[in-house]
Every structure is written in structure tokens, then in C-alpha cells.
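Good morning, and thank you for making time for this presentation.

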Amino acid sequence: MNMTQGYSGSSNGAWERWAMAITMGLGILVHADFGPTDDHDILNSIFQGRLLPLFVFPEMGRFCPMCFQELNLISVFTDSPVGYFLFQAASLAVFIFSFSWLLRTVSINYWHWLAPLSLILLAPGFVTIWLRIELCERNLVVLLALFLQSFLMFEKGRRYMLLPALLAAILAMYYKEPVFLLVGVFSTTYWLLQLKNGHRSWNWLSFLLIVSALIYIFIYYHFAFSQRAYLYGQQEFSTELLAVLAKTIGNFVLNDPLIVFIALPLTGWRIYRVFRGRSAAEPLFDAMLIAATAYAVLFLLLNIFSVYYWTPVYIFAVPAAIYFFGRDVEFVGIYWKVAAYSVALLYLISVLPTGIHLISYYKYVPINYNATVNFIANDIKQKRYATAPAIYIQGMAPDSASIYYDNLNVFLQARAGLKADQFVMHSEAQPATRRHMQVDGSAMKLGDPGYQAFYSVTRFPETIAPKTGDYLVVIPQTTKNVDRTYLEQLQESCCERVFSTSSPLAVPNYSLKTLLKLAAKRAGIGKAMGENYYGMPDYYVFVRR
């Protein structure tokens, strides 16, 4: 392993890292509040005097017992949303210093650590994990960065770093299931490549990491996989499955081009060169690439996508890619030139526009959502309905979109002070699936375990035609194109608009994906993509005439 200790300027990049951590940390804290994506879990547990339960769902094969448990610890000190986001700002600072240490370790070039770090933090996945509370990947990327930093320090002779490296890796594995693959493949490959290079000495850290991954597999199988009713992401083979797979791959291409066009091909190229004898193995960086690829491919096999799913891949792939880029022997040939230009172009027209859009989106949505919740609650209290009015969420199916009904139900009670009998949740849409409820939750109330998912696991919102006085809420997560024409049609056909939010500084999603969806609409295809092209963060409340 031939590495040059990084940037050697007088400040060693310290002021840039502090500036980045403080600026982005303050951005996290500005107008910090709970919002409509999963935060109702906190309101139904911690804010009702209970601990947030372990993220363990054997029926789905899910086993992430460490995920979100830091929220229980934060609740000991504060019940303010700012306190929760302060922890996120602090974790971002730790990540910036740890990951920049990795990047500066593999390259002496100032821009080889500052530019990648800046671009990564503006990518959609990283924006999302630091502006939403309940996402496992946020603490996961911090732990993985600390793990690799500790691992490198251990391999450089600082033997006292064995325990921090091992602890960070073990904690990361229990934050999300696929991490055992990341850690296990990395440590196994590293050890095998060391043996290939003639290093026969026993590697205690690699051995303990492999054992830890095997222990996780045993625990996961016993407590989750063997008890599953179905697998998360499980789908039957069909032509529709192939279409979904193509969409999944396309989403990763637009969201993570650096991984798709550089990291994954570089892994294959390095494997080819090493085993054809054209290059000596680089145990650390080859292992990082192979582990990152294994993790990335798993999500393709599961055929699932979200903008943050591949964030852990960056922690392993980017330092390795920068290291090999600095050698000037790996990135030779026309493919790498085309790939580099493609990645740069996609960053300009897809990644950065989406990332900047999501910054404004996740800052505005909690503000607008809480204003909407307060308006509905105050309106219901003032009108003193003889019969509880129904609340409809426009265009949202009662099953596939049940999280939005669950969230609004909990927020209206926990934050706005309504009683459960002062409103009901109904839907105009028919259920999108044939899923049947299995839990008798007729006596559930706010604060009971599982009540935050009342409409998901107990009963769907009933599909009933709205009547006079019922509320119709248009939310940013709708699949509809909520423009002036859409709003005017609603007002003319059935409803009176009584409330709306305004987001003057919101940035529409002018990304390549939006352009492709608009082109598909014009061509008469891609109806399943939805028509919410620009993702504006505003809410609208109508009352049925």
C-alpha cells in the first residue's frame, strides 16, 4: 500500500473543512422542524413517553436494531426538533472531517479532496440523509468513514485503532442489513490480496471483522430471515419486473453517475488487470472497490431505488477511485475519457439540480406541513362540526400512500391538539393492491405501539365519496402536476380553496429526469412515472361545497 499523506498546505485544509461544517450545519438548523416523512414515529413514541422501538420487522426480513436508537438518547436532553437536527449537524461535521481525512490521505492534490467532498455533499442522497431525521444511512456513512479512517491508521502501525475500527464496523452492520456484505467482502478481499502479495502475517483486524460479519449473518437469519412472510423488495418475474429494473437502473444512472460510470467499471478493470498479471494488487483500494461494488449490485438485484441507497458506496469507492486516478496508469483509453465527460455532464444537468432542489424542498416542506396541520385543526375546532368531517388527501391511494394518512392523523393529534373523534380519514381512490390487514387495532389510540401506522396495518382509509364540508388536501408528494390549471379545475368543479402555503425561494426540480418525464408525456408514454414534474413543496386545503 503506497500512499502519500495528503494536502500539505499550512492549514492542511482545516479552515475549508470548518467553513463547510459550520455553513452546512447552520443550513440544517435553520427552520428545523418535524415533517411529513416518518417523523410521526417520534411523535407517537418519544413524545408520548415511550421509547422509539427497535427497527426489527421479522415478517419483512428487516433487522436494523441500531437504526434510530440515537433519537431515544437525544430525547433525554430535549424535546425540541432543533435538538434532533443539532445532532445531525454534529454528525455532518464528524463526517466532513473523517471523510476528508481519507481523501487527503490518498492524494496530495488540494482539489482531489475538496471538490469530491463538496460535490458528494450536494448530491441528492447526501442532501436527503442530512435533512431528514429517520434515515439509517446518515449515521451509517459516518460510521463507515470512521471505520475506514481507523482501519488505515491501524494498518499504518497504530495498533490501538483496532478497537475503534472494529466497533465502528459492528455498529454499522446493525444499522442496516447489507452492511455485513460491505464489511465482510472488504475485510476478506483485503486479507486475500495481502496473501497474494506475499504478506503471510496474521491480520487480527481482518479476522475479527470477518467473524463479526459471520455473527451478524447468523443473528439476522435466526431473528429475521427465517421468520419472514416475504422479503423486502420481493417481486415475481414478469415483463413488468423487467420494466421496473430498467427504471431502477436508469434512476441510479441519473442519481449516481460517478458510481455507475467510474467506480463499477474500475472494479472490473482492476480485477482483470490484477488477475491477468498486468498490475500488482493494491489490497486496500482494490478491496474497497470490490466491497463497494458488491453493496451497489445488491440493490440492483433487489430492484429497489431511492436517492440515498448508494450513499455508503461513496465512502468506499471515491477514495479508491481518487487513489487509482493519481497513478495515471488505470484511467487510460477512450472509455475513461467518455465516462469522465458523461459523469461531469450528468452532474451538471441531473445530480446538482436535483440536490439543490431537495435542499429547498426539505427546508420548506416541514414549515408548510405544520402550517397546514395547524390550519386544519383550528378550522375544525372553530366550526364545531356536529359530525366529524372527513379529510381526503388528493390522488393518494389508501394503501400504497397510507404513510401520508398515518402521518397527518398523528400530527393533527400530537401537535395540533385534535382528538381522534374530531375527524376521520377517507380516500376517493381505490386501493392499489389486494393487501389485507392482519392487526386488530380498533381500540388503538395515540401513544399505543403501532398507532403511527394505524392506516397502514390496521385499516385503510375508507374509499367513500366526499360530502359537503369535508377537507381535501393537496400535498407535495402527489403524483399530479399541481399547476394553476389543476388548482382552478378543483375550485371550479367541487371545492373552495381555504388555505395554501407559499414558498418564494423554492427551487423547482429542473433536472434531466424532469425533462425525460416531460418528453415521455409528450410522446404519450410513461404514465406510470407520475406528473409531479417539479416537486414544489406547497400544500393546498380545499373544503367540499
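Helices here are DSSP runs of H or I with at least four residues, strands are DSSP runs of E with at least two, and the numbering of both starts at the N terminus. What you see is a predicted model, in which local features need pLDDT of at least 70 and side-chain atom pairs count only at pLDDT 80 or more, while totals for chains, interfaces and linings use all residues. Residues are numbered from 1 along each chain as its sequence is written, and side-chain values use heavy atoms, with hydrogens and water left out.

Is Pro178 buried or exposed? Its relative accessibility is 9%, so Pro178 counts as buried. The term buried means under 20% relative accessible area, exposed means over 50%, and partly exposed is in between, with a 1.4 Å probe and protein chains only. Which residues does Pro178 contact, once neighbours within four places in sequence are set aside? They are Tyr295, Leu298 and Phe299, where contact means heavy atoms within 4.5 Å. Between Pro178 and Phe299 there are 121 residues in sequence, yet their C-alpha atoms are 9.1 Å apart in space.

Ser91 belongs to helix H4. Leaving out residues up to four places away in sequence, Ser91 touches Trp130, Arg138, Asn139 and Val142.

I turn next to a pair of helices. The axes of helix H1 (residues 14-29) and helix H5 (residues 111-121) come within 12 Å and cross at roughly 10 degrees. H1 is therefore roughly parallel to H5. On this scale, angles under 35 degrees count as roughly parallel, over 145 as roughly antiparallel, 65 to 115 as roughly perpendicular, and the rest as oblique. The axes are lines fitted to C-alpha atoms, for helices over the stretch in contact, and the angles run from 0 to 180 degrees between N-to-C directions. From H1, the contact is made by Glu16, Arg17, Met20 and Met24, and from H5 by Trp113, Leu114, Leu117, Ser118 and Leu121. Sorted by class, the contact of H1 with H5 has 6 nonpolar, 1 polar and 2 charged residues. Here Ala, Val, Leu, Ile, Met, Phe, Trp, Tyr, Cys and Pro count as nonpolar, Asp, Glu, Lys and Arg as charged, and the others, Gly among them, as polar.

Now the aromatic residues. Rings of Phe, Tyr and Trp (its six-membered ring) pair if their centres lie within 6.5 Å; planes under 30 degrees apart count as stacked, over 60 as edge-to-face and the rest as tilted. How many aromatic pairs does this rule give? The count comes to 52. One of them joins Trp18 and Phe97 edge-to-face, with 4.9 Å centre to centre and 65 degrees between the planes. Since Trp18 lies in helix H1 and Phe97 in helix H4 (residues 81-106), this pair ties together parts that are 79 residues apart in sequence. Trp18 is partly exposed at 49% relative accessible area, and Phe97 is partly exposed at 24%.

Another edge-to-face pair is formed by Phe252 and Phe305, at 4.9 Å centre to centre and 85 degrees between the planes. Phe252 is in helix H11 (residues 239-255) and Phe305 in the loop between helix H13 (283-302) and helix H14 (311-325), 53 residues apart. Phe252 is buried, with a relative accessible area of 1%, whereas Phe305 is partly exposed at 24%. There is also an aromatic cluster that includes Phe63, Tyr174 and Phe180.

Finally, the sheet. It is open, with 6 strands in the order E5-E4-E3-E6-E8-E7 and mixed pairing; two strands pair if DSSP finds at least two bridges between them. Strand E5 (462-463) and strand E7 (495-500) are the edge strands, each pairing on one side only. Strands E3 (residues 390-393) and E4 (residues 424-427) pair in the parallel sense over 3 bridges, and Tyr392 stands opposite His426 in E4. Helix H16 (residues 402-414) packs on the sheet and touches E3 and E4.

E6 and E8 run antiparallel, joined by 4 bridges, with Tyr471 opposite Val543 in E8. E7 and E8 are likewise antiparallel, joined by 5 bridges. Of the 5 residues of E8, 4 are buried, so E8 is largely enclosed by the rest of the structure.
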